[in-house]
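Open the model in your viewer and keep the selection tool at hand. The stops below go from the inside of the fold to a loop.

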Amino acid sequence: MGCIGCPQCRGKLEKVIYQSIEIDRCSLCRGIWFDRLEAEELRRIKGSESVDIGKPTPCQGRPCQSVGCPRCGKTMVQMLDFGQQPLWYEKCSQCQGMWLEAGRFKVFKQNLPTPGNWARNKAKQVLTVARSI
Ligand SMILES: [Zn+2]
Ligand SMILES: [Zn+2]
């Protein structure tokens, strides 16, 4: 897999390795690309929020713009994670990769369900919204 570009700006994604999990972070907007399940694994690791070094974008609600998957080029689907804070993120339906804008991985990590309410949260966790382009 060669060098991939940021789905959101013209920046380049740079490899960042945290506790042997390899993610790709944009050198300009600091958004982070996670391959399948990497975000789930990473948010369970203590201190992993340190990889999210960017400032959150002004639009806190839905993502600012449509983005295409940096791996397959497919337009990604906007997903909403319900936790302590609602969090919008982008997911590729083909490779299951995830794009989180700068500052969002921290929220995603805070939204990690505790074992006790895991099943309850899981049921309402993800809502897929058709993208309007
Ligand atoms: Zn970028
Ligand atoms: Zn993809």
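Start with the largest nonpolar core, which has 22 residues. A nonpolar core is a set of buried Ala, Val, Leu, Ile, Met, Phe, Trp, Tyr and Cys residues joined through C-beta atoms within 7 Å. Select Ile-32, Trp-99 and Leu-100, the residues with the most contacts inside this core. Next colour strands E2 (21-26), E3 (32-34), E5 (87-91) and E6 (98-100) and helices H1 (38-42) and H2 (104-110); each supplies at least two residues of the core. Helices (H or I, at least four residues) and strands (E, at least two) are DSSP runs, numbered from the N terminus.

This is a predicted model: local features need pLDDT of at least 70, side-chain atom pairs count only at pLDDT 80 or more, and totals for chains, interfaces and linings use all residues. Residues are numbered from 1 along each chain as its sequence is written, while chains are lettered from A and ligands numbered from 1 in the order in which they are written.

Now centre on Ile-32. Leaving aside neighbours within four places in sequence, Ile-32 is in contact (C-beta atoms, placed from the backbone, within 7 Å) with Ile-23, Arg-25, Val-51, Asp-52, Leu-100 and Phe-105.

Move to strand E4 (residues 77-81), which pairs with E5 in the antiparallel sense over 5 bridges; pairing requires at least two DSSP bridges between two strands. Leu-80 stands opposite Trp-88 in E5. The two strands E4 and E5 form a hairpin with 5 residues between them.

Finally, select Gln-85 in the loop between E4 and E5. Is Gln-85 buried or partly exposed? Gln-85 counts as partly exposed because it has 13 C-beta neighbours inside 10 Å; buried means 20 or more other C-beta atoms within 10 Å, exposed 12 or fewer, and partly exposed in between, with C-beta atoms placed from the backbone. Beyond four places in sequence, Gln-85 is in contact with Val-107, Gln-110 and Asn-111. The C-alpha atoms of Gln-85 and Val-107 are separated by 7.1 Å, with the two residues 22 apart along the chain.

Definitions and conventions. Two residues are in contact if their C-beta atoms, placed from the backbone, lie within 7 Å.
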